[in-house]
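Visitor: Could you show me the model? I'd like to go through the packing bit by bit.

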Amino acid sequence: MSAETPASVGQLTRRRLQFRDWRGTRPFWAGLLVLLGGFPIMYFPYAHLKFGALTLAMSTTAGAGSLIIGVLLVVLGISLWFQQHVRTFAGVAAILLALVSIPVSNFGGFVVGFLLSLIGGAMAVSWAPEKPRGEAFESAADDPNHLSGTNPANGANGRHSAG
């Protein structure tokens with residue numbers, strides 16, 4: 001063993017932990033599923049599958065539509081990774097594109113791309129950022145800026161005067 005081995009192992013561990021922290025602050029798995037769902041949708045309409053001597057051409061008249069749907073799903077998957085604030089829009093768009101891919105591109109890339117995009121879109125819509133550990137135990141009544149106006153700390157009891 002050389003003297004450089006422990007340093008490289010330490011750096012590898014640090015990089016892995018940094019990636020884990022980065023992955024935890026965004027809908028990573030949703031983005032990955034949406035991204036992977038776009039590839040079969042845009043690949044199969046242009047593929048020529050060979051079964052022995054038999055060549056099966058999957059080309060359809062909607063090949064351009066399949067390519068557009070697949071590219072949009074890949075872009076939505078990447079945007080889920082790097083712009084997590086658009087997660088609801090990207091998730092709904094991925095679900096709609098997955099549904100449109102059923103009639104347009106060979107049953108949504110032989111159902112593989114459809115299912116990956118649909119599940120990834122649903123995960124993106126349902127994902128919520130984790131609250132910092134200190135905020136998890138605070139209640140709304142303790143917040144002086146709570147919007148309901150029923151905070152006893154500011155003297156309001158929920159009744160509002162008309163004038």
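Visitor: Which residues is Ser101 in contact with, leaving aside its neighbours within four places in sequence?
Guide: Ser101 is in contact with Ile41, Ile69, Phe107, Gly108 and Phe114. Contact means heavy atoms within 4.5 Å.

Visitor: What kind of model is this?
Guide: This is a predicted model: local features need pLDDT of at least 70, side-chain atom pairs count only at pLDDT 80 or more, and totals for chains, interfaces and linings use all residues. Residues are numbered from 1 along each chain as its sequence is written, and side-chain values use heavy atoms, with hydrogens and water left out.

Visitor: Where is the place of Ser101?
Guide: In helix α4. Helices (H or I, at least four residues) are DSSP runs, numbered from the N terminus.

Visitor: Why does Ser101 count as buried?
Guide: Because its relative accessibility is 0%. Buried means under 20% relative accessible area, exposed over 50%, partly exposed in between (1.4 Å probe, protein chains only).

Visitor: And where does Ser105 lie?
Guide: In the loop between α4 and α5. Ser105 has 0% relative accessibility, so it counts as buried. Not counting residues up to four places away in sequence, Ser105 touches Ile41, Pro45 and Ser66.

Visitor: New topic. Which residues form the largest nonpolar core?
Guide: There are 12: Ala30, Val34, Ile41, Ile69, Leu73, Leu76, Leu80, Ala90, Ala93, Ala94, Leu97 and Ala124. The elements giving two or more residues to this core are α2, α3 and α4. A nonpolar core is a set of buried Ala, Val, Leu, Ile, Met, Phe, Trp, Tyr and Cys residues joined through side-chain atoms within 4.5 Å.

Visitor: What lies apart from it?
Guide: Another core, of 5 residues, among them Phe28, Leu35, Val74 and Trp81.

Visitor: Back to Leu97. What does Leu97 touch, not counting residues up to four places away in sequence?
Guide: Ile69, Leu72, Leu73 and Leu76.

Visitor: On to α6. Which residues of α6 are buried?
Guide: Gly113, Phe114, Ser117, Gly120, Gly121 and Ala124. They cover an arc of only 145° around the axis, which puts them on the same side of α6. The arc is that of the directions from the helix axis to the C-beta atoms.

Visitor: What do those buried residues pack against?
Guide: α2 (28-43), α3 (63-82), α4 (87-104) and α5 (106-110).

Visitor: How far apart are the end C-alpha atoms of α6?
Guide: 21 Å, which agrees with the 21 Å that its 15 residues (112-126) should span at 1.5 Å a residue. The expected span is 1.5 Å times one less than the number of residues.
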